[in-house]
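Please read the following note alongside the sequence and the model. It is set out as numbered points for discussion.

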Amino acid sequence: TPIADPTWEGHTFIGWDPALPITMPANNLFVDALWQVNSYKVTVTQVTGGTISIYYYDETGHENNITTGDSIYYGAWIYFRRVVTDNGYSFNSYVVTDADGSPIATPNNNYFIMPANDVTVTAIFDVKSYELTINYLYQNGAEAAPSYTDTIEYNTAYSVVSPALTGYTASQDTVMGTMGAENMIVRVIYSINSFRIITIFFTIS
């Protein structure tokens with residue numbers, strides 16, 4: 001009876017050494033199964049918030065950077081480099097998924113072991129929030145109205161209408177802009193209005 005080819009996760013069977021005879025000889029027979037390690041594709045997803053890079057060591061111990069589309073051998077330990085974050089973002093974690101979207105373990109979020117299928121590596125970044133403060137002041141520096149404060153996510157538009165004060169004109173009717181990557185303080189100055197009095201005299205004869 002022919003012997004079925006063996007299977008081994010992440011490997012391809014390539015034959016026996018020595019080759020199996022067609023019929024069993026009149027002696028014990030010792031053979032080795034020959035295997036080839038399979039390689040699978042890695043997709044590195046770059047998202048808004050920062051830049052990620054990963055690397056692995058090949059069979060010779062040489063460090064190799066991985067770019068999206070590279071094929072990496074089964075069982076390789078793939079490491080995460082330090083993430084470079086963009087302004088206004090903070091790094092959260094790495095997420096690694098296999099071909100059907102199932103998560104792959106990333107111990108301490110430092111590395112993962114290449115499974116017997118394609119994988120996708122993605123970094124999760126959180127948008128930072130910053131404080132917007134608007135101070136409403138008279139020209140002499142005294143408070144004209146209570147300050148406005150709000151916490152706003154980076155790169156988010158804001159529009160705050162200045163309070164109306166009788167007899168005064170605000171330097172900005174509406175404070176508008178897009179939140180940057182730092183706390184912001186805006187001053188709205190109230191100037192007293194000036195009025196011209198016109199006196200009209202009538203002569204009645």
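The points below go from the whole chain to single residues.

1. This is a predicted model, in which local features need pLDDT of at least 70 and side-chain atom pairs count only at pLDDT 80 or more, while totals for chains, interfaces and linings use all residues. Residues are numbered from 1 along each chain as its sequence is written, and side-chain values use heavy atoms, with hydrogens and water left out.

2. The chain has 18 strands and 0 helices; both are DSSP runs numbered from the N terminus, with at least two residues (E) for a strand and at least four (H or I) for a helix. Its radius of gyration is 35 Å, well over the 17 Å that the globule rule gives for 205 residues, so the chain is more spread out than a compact globule. The radius is taken over C-alpha atoms, and the rule is 2.2 Å times the number of residues to the power 0.38. Along the principal axes, the C-alpha trace spans about 150 × 30 × 20 Å.

3. Of the 205 residues, 29% count as buried (under 20% relative accessible area, with exposed over 50% and partly exposed in between; 1.4 Å probe, protein chains only).

4. The largest nonpolar core has 23 residues, and Val42, Ile78, Phe112, Met114 and Val121 touch the most other members. Such a core is a set of buried Ala, Val, Leu, Ile, Met, Phe, Trp, Tyr and Cys residues joined through side-chain atoms within 4.5 Å. Strand β12 gives the most to this core, with 4 residues. A second, separate core of 16 residues includes Tyr130, Ala145, Val160 and Val175.

5. Which residues does Val186 contact, leaving aside its neighbours within four places in sequence? They are Leu132, Thr133, Ile134, Asn135, Gln172 and Val175, where contact means heavy atoms within 4.5 Å. Val186 lies in strand β18 (residues 184-192) and, at 13% relative accessibility, counts as buried. The C-alpha atoms of Val186 and Val47 are separated by 32 Å.

6. The structure holds 1 salt bridge, defined as a side-chain nitrogen of Lys or Arg within 4 Å of a carboxyl oxygen of Asp or Glu. Glu63 pairs with Arg81, the closest N and O atoms being 2.5 Å apart. Glu63 lies in strand β6 (residues 63-66) and Arg81 in the loop between β8 (77-80) and β9 (84-85), so the pair ties together parts that are 18 residues apart in sequence. Glu63 counts as partly exposed at 34% relative accessibility, and Arg81 counts as partly exposed at 27%.
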